[in-house]
Amino acid sequence: ITLLSLFRVTRGRWADAWVDLLRYWLGWGAYPAAVTMLLTGLLWLQHHLDRPVRWRWRPFVGAELVFFSLLALVHTVAGRADPWRLVEERWGGGLVGWAVAVLLSRYLGWPVAALILLVLALLGLA
């Protein structure tokens, strides 16, 4: 339902509120988050259908590192002049990306913050 609401296939008061909340918190990250919810539900269903799934933690940690570092990297690079504007537009990296980007940029400067976030994204891919 979340994925359908994100693409405006279905509408409803609760679904629209949920999608707005996701977009506020994650910005463009609402789309991968919705796909992740769908895939997690399918894996959970497969696990309960007598086909146990072997869970490996490294791919999950790597995906989270890539996801959250890209949320903040968007704000560090694209929202350098006015990072809060990206949050208000429900795009960018959302509130999560804004918080990480502002924290790193304020204390380290934006070039160092961008470099750290890029290294973290590459580390997550590895």
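Colleague: What percentage of the 126 residues of the chain count as buried?

Modeller: In this predicted model, 33% of the 126 residues count as buried. The cut-off is under 20% relative accessible area.

Colleague: How many helices and how many strands does the chain have?

Modeller: Seven helices and zero strands. Along the sequence, the pattern reads α-α-α-α-α-α-α.

Colleague: What does the C-alpha trace span along its principal axes?

Modeller: About 50 × 40 × 15 Å.

Colleague: Which share of the contacts joins residues at least 24 apart?

Modeller: Start with contacts between residues at least 6 apart in sequence. Of these, 59% join residues at least 24 apart.

Colleague: And the surface. What is its area, and how much belongs to carbon and sulfur atoms?

Modeller: The accessible surface of the chain comes to about 8,700 Å². Carbon and sulfur atoms account for 69% of that.

Colleague: How many positive and negative side chains are there?

Modeller: There are 12 positive and 7 negative side chains. The centres of the two sets lie 6 Å apart.

Colleague: Now a single helix. Where do the buried residues of H7 fall, seen down its axis?

Modeller: General idea first. An α-helix has 3.6 residues a turn, so residues three or four places apart point the same way. Now the case here. Helix H7 covers residues 110-125, 16 residues in total. From its first C-alpha to its last, H7 reaches 22 Å, close to the 22 Å expected at 1.5 Å a residue. Its buried residues are Ala113, Ala114, Leu117, Ala121 and Gly124. Seen down the axis of H7, they fall within an arc of 100 degrees, so they line one face of the helix.

Colleague: Which exposed residues does the face turned away from the buried side carry?

Modeller: Pro111, Leu115, Leu122 and Leu123.

Colleague: What covers the buried residues of H7?

Modeller: The cover includes helix H4 (57-77) and helix H6 (94-108). Take serine 69, which sits in helix H4. Set aside its neighbours within four places in sequence, and serine 69 is in contact with Leu117, Leu120 and Ala121. Leu117 and Ala121 are among the buried residues of H7.

Colleague: Is serine 69 buried or exposed?

Modeller: Serine 69 counts as buried because its relative accessibility is 2%, and the cut-off is under 20%.

Colleague: Let me try H2. Which of its residues are buried?

Modeller: Ala15, Asp16, Val19, Leu22, Arg23 and Leu26 are buried in H2. Seen down the axis of H2, these fall within an arc of 125 degrees, so they line one face of the helix. On the other side of H2, Arg13 and Trp14 are exposed. H2 has 14 residues and reaches 20 Å from its first C-alpha to its last. That is close to the 20 Å expected at 1.5 Å a residue.

Colleague: What do the buried residues of H2 pack against?

Modeller: They pack against H1, helix H3 (30-48), H4 and H6.

Colleague: Backbone next. Which residue just after H2 takes a positive phi?

Modeller: Glycine 27, at about 60 degrees. Arginine 8 also has a positive value, with phi near 60 degrees, in a residue other than glycine.

Colleague: Where does arginine 8 lie?

Modeller: In the loop between helix H1 (2-6) and helix H2 (13-26). Arginine 8 counts as partly exposed because its relative accessibility is 43%. Partly exposed covers values between the cut-offs, under 20% for buried and over 50% for exposed.

How values were computed
Residues are numbered from 1 along each chain as its sequence is written. This is a predicted model: local features need pLDDT of at least 70, side-chain atom pairs count only at pLDDT 80 or more; totals for chains, interfaces and linings use all residues. Side-chain values use heavy atoms; hydrogens and water are left out. Helices (H or I, at least four residues) and strands (E, at least two) are DSSP runs, numbered from the N terminus. Buried means under 20% relative accessible area, exposed over 50%, partly exposed in between (1.4 Å probe, protein chains only). Contact means heavy atoms within 4.5 Å. Accessible areas come from the Shrake-Rupley method with a 1.4 Å probe; for residues, only the protein chains shown count as cover. Lys and Arg count as positive and Asp and Glu as negative; His and the chain ends are not counted. The place of a charge is taken as NZ of Lys, CZ of Arg, CG of Asp or CD of Glu. The expected span of a helix is 1.5 Å times one less than its number of residues. The arc is that of the directions from the helix axis to the C-beta atoms.
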